[in-house]
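Student: I have a model open and would like to learn how to read it. Could you take me through it step by step?

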Amino acid sequence: MLSLREPASAWTGMTFHQMLEKIRYEGAYPTRDRAEDVTRAVLEALGRQLATAERTELAACLPTEAAHALTTHGQDMQPLTGWQFVKDLASRTGTTPATARWDTGAVLSKAPNVQGGPRCGLTTNSRIHREARRAADGVPSLRL
């Protein structure tokens, strides 16, 4: 597992800017700012659904800015299914469920180690991660 003192970009080789560019391309967002807004919203929503240990483990695998978005809020008391996750994201961001579904797929398919990684130790077996990815099914580039 990655040490919390070692920046994730040191071993993933990906900076926050690079991660945003991949998400921008994957999600066909017109600007880097839009990709950043979407990335932060999805990671904040995901962070609210993860237990503290899972959130901390995943944060250690992300660039600092993404880790901050993931850990900004505490865990919600109400666990959500994947579809509920997408609907909640839509209501929090003021978008449609279809847009929130697209955004979820774009971020979860490209953020480094959200899919799990060799040194991360995260296998992405968390219920909400599986459910959110299933809810995002249908996004052309998302591979489950």
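Tutor: Start with the order of elements. From the N terminus, the chain runs α-α-α-α-α-α-α-α. That is 8 helices and 0 strands. Helices (H or I, at least four residues) and strands (E, at least two) are DSSP runs, numbered from the N terminus. This is a predicted model: local features need pLDDT of at least 70, side-chain atom pairs count only at pLDDT 80 or more, and totals for chains, interfaces and linings use all residues. Residues are numbered from 1 along each chain as its sequence is written, and side-chain values use heavy atoms, with hydrogens and water left out.

Student: What share of the chain counts as buried?

Tutor: Buried means under 20% relative accessible area, exposed over 50%, and partly exposed in between (1.4 Å probe, protein chains only). Of the 144 residues, 48% count as buried. The accessible surface comes to about 7,200 Å², and 51% of that belongs to carbon and sulfur atoms. Those areas come from the Shrake-Rupley method with a 1.4 Å probe; for residues, only the protein chains shown count as cover.

Student: How do I read the packing of two helices?

Tutor: Two packed helices are described by the angle between their axes and the distance between the axes. Axes are lines fitted to C-alpha atoms, for helices over the stretch in contact, and angles run from 0 to 180 degrees between N-to-C directions. Take α3 and α7. They pack at an angle of about 90°, with their axes 9 Å apart. That makes α3 roughly perpendicular to α7. The classes are: under 35 degrees roughly parallel, over 145 roughly antiparallel, 65 to 115 roughly perpendicular, and the rest oblique.

Student: Which residues in α3 and α7 meet?

Tutor: Contact means heavy atoms within 4.5 Å. Arg34, Val38, Thr39, Val42, Leu43 and Leu46 in α3 meet Thr99, Asp103, Thr104, Val107 and Leu108 in α7. By class, this contact has 6 nonpolar, 3 polar and 2 charged residues. Ala, Val, Leu, Ile, Met, Phe, Trp, Tyr, Cys and Pro count as nonpolar; Asp, Glu, Lys and Arg count as charged; the others, Gly among them, count as polar.

Student: Is Asp103 buried or exposed?

Tutor: Asp103 counts as buried because its relative accessibility is 5%. Its place is in helix α7, residues 97-110. Leaving aside neighbours within four places in sequence, Asp103 is in contact with Tyr29, Arg34, Val38 and Val42.

Student: At what angle do α3 and α6 cross?

Tutor: The axes of α3 (residues 32-49) and α6 (residues 82-93) cross at roughly 130° and come within 10 Å. That makes α3 oblique to α6. Ala41, Val42, Ala45, Leu46, Arg48 and Gln49 in α3 meet Phe85, Asp88, Leu89, Arg92 and Thr93 in α6. That contact has 6 nonpolar, 2 polar and 3 charged residues.

Student: Where does Phe85 lie, and how far is Phe85 from Arg101?

Tutor: Phe85 lies in helix α6. Phe85 is buried, with a relative accessible area of 1%. Phe85 and Arg101 are 16 residues apart in sequence and 9.1 Å apart in space, C-alpha to C-alpha.

Student: Which residues of α4 are buried?

Tutor: In α4 (residues 52-59), they are Arg55, Glu57, Leu58 and Ala59. These buried residues pack against α3 and α5 (64-71).

Student: What is phi of Ala28?

Tutor: Near 55°, a positive value in a residue other than glycine. Ala28 is in the loop between α2 (16-27) and α3. At 61% relative accessibility, Ala28 counts as exposed.
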